[in-house]
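Please find below a colleague's note on the structure shown here.

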Amino acid sequence: MTEIPEWLNLQVIQAELVNWFNTQVLNFDNALQAGLIALVYLVAVFIGPRMRRAITASTAAKAKGVVWQEIVHQFASHLTPLIALLLLLIVATVVSGVEEIETNIVMSAASLSGAWVVIDVASSVIRNRMISRFITWSAWTVAAIVALGWFRTVAGVLDSVALSFGAVRISLLSVLQGAVVLAVLLWAAVAVSNAIERYLKRLDTLTPSMQVLGTMVIKISLITIACLIGISSLGIDFTALTVFGGALGIGIGFGLQKVISNLVSGLLLLLDKSIKPNDVIAVGGTYGWVDSLGARYASVRTRDGIEYLIPNEDLITQRVENWSHTDRIVRLRIPVGVSYDTDLNLATDLCKKAARAVERVLESPEPRCLLRGFGDNSVDLEIRIWIGDPANGRANVISAVLHHVWNSFKEHEIEIPFPQRDLHLRSGFPVNPDQQQ
């Protein structure tokens, strides 16, 4: 008769299950910790949503500012896992004071609650799904390692994999720590700079160029500080990177010459205020208004809805027409031709009235109509008008004025001439009768 393997023997399996149940489930310490964990989560689930609604309502009523409300709203949305984590840490601290009771299960639950907080924050703040999933799996992995009590073992293995460069030792553990610190600091730097940007845009005392300049300087400074702190978290002395930093700087200077040039050009544009957001400019055949100024390019939007990304260096080196640099009032010239039989005084008055009938035409300086010359087919007039909003387009104003001119000329029977030519027909040479035969 074939002997049944021990791991398939039901009696052995039953005995092991009973032994595990007696030693783990019926254990007073484990049962107490499990009960405390269940109580903590019930309290967190009960209190968290109520506190979130109360904090949100209180913040909305006080209305201390959009940035403050956004910070409080983000904090309140993650209140439930934060309360669970805080209560578990308190329970672990209190229970650890009793020598006879262990706290391993409570600490495992606390690590899982910490992972819950990280995952909750990542899912609500990080828009990129790939990054959010990476952070989610990383947080649960770390929580599982801590819960199983493998954290020190895994940390020791990662720290043993290292490279030494003189006095500098870089291990896999320090690289992971530096990557986490750098990622968190970069995210915090970008989030803080975006919040400051929104705050600066609401300040009416700052010009648009100063708002963009302040945002750019703050963002660059915060990102630089985050990178320096991330490098220092690796345990690297900055003095050891002097030679390497010089060589890297030379390489960046040659390889990213255009990028650095555009960055410096953007700062110069913001400092000298030659081009500002909402300015109407024409450069390189492109006419439109400046939608935004960035570190590398300026966004110029045309009336056709096309957005041109013009490098900042081109705005420095090329000839740029700025229609609203110091004054947003610009003059438009509209040529009009009338026949030689027209009463010029009446025609000029009608042109002025047609210009005044358009809403966007300014009353001061007032519209004018000048006699420009006598053409081959018409008397050439020119209507000159002023507008104060060139960002809203020129062609639509010219079209509206010409439409009123057309109606006025039709009403007063003023002819708008068109090219006319006289055709003279010459008779040919006489035909020889002998040739006809």
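1. Helix α11 (residues 257-272) comprises 16 residues and reaches 22 Å from its first C-alpha to its last, close to the expected 22 Å at 1.5 Å a residue. The expected span is 1.5 Å times one less than the number of residues. Helices (H or I, at least four residues) and strands (E, at least two) are DSSP runs numbered from the N terminus. The buried residues of α11 are N262, S265, G266, L269 and L270. They lie on the same side of α11, because they cover an arc of only 135° around the axis, the arc being that of the directions from the helix axis to the C-beta atoms. On the other side of α11, Q257 and L271 are exposed. Buried denotes under 20% relative accessible area, exposed over 50%, and partly exposed the range in between (1.4 Å probe, protein chains only). K273, which follows α11, has a positive phi, near 60°.

2. On provenance, the model is predicted: local features need pLDDT of at least 70, side-chain atom pairs count only at pLDDT 80 or more, and totals for chains, interfaces and linings use all residues. Residues are numbered from 1 along each chain as its sequence is written, and side-chain values use heavy atoms, with hydrogens and water left out.

3. For the protein as a whole, there are 15 helices and 10 strands. Of the 437 residues, 28% are buried. Among contacts with a separation of 6 or more, 62% join residues 24 or more positions apart, a contact being heavy atoms within 4.5 Å. The accessible surface is about 28,900 Å², and carbon and sulfur atoms account for 63% of it; areas come from the Shrake-Rupley method with a 1.4 Å probe, and for residues only the protein chains shown count as cover.

4. An open sheet of three strands runs in the order β8-β10-β9 with antiparallel pairing. Two strands pair if DSSP finds at least two bridges between them. The edge strands, β8 (330-338) and β9 (368-374), each pair on one side only. From one strand to the next, the twist averages 25°. Nine bridges join β8 to strand β10 (residues 379-387) in the antiparallel sense, and V379 in β10 is the bridge partner of V338. Helix α13 (residues 344-356) packs on this sheet, touching β8, β9 and β10, and its direction makes about 25° with that of β10. Helix α14 (residues 395-411) also packs on the sheet, touching β8 and β10, at about 30° to the direction of β8. Axes are lines fitted to C-alpha atoms, for helices over the stretch in contact, and angles run from 0 to 180 degrees between N-to-C directions.

5. In strand β3 (residues 280-283), V280 and A282 point one way and I281 and V283 the other, and all are buried. β3 pairs with strand β4 (residues 286-293) in the antiparallel sense over four bridges, with V280 opposite W289 in β4. The two strands form a hairpin with two residues between them, and G284 in the turn has a positive phi of about 55°. β3 also pairs with strand β7 (residues 321-322), antiparallel over two bridges, where N322 is the bridge partner of I281.

6. Leaving aside neighbours within four places in sequence, S171 contacts L158, D159, V161 and A162. S171 and D159 are 12 residues apart in sequence and 5.3 Å apart in space, C-alpha to C-alpha.
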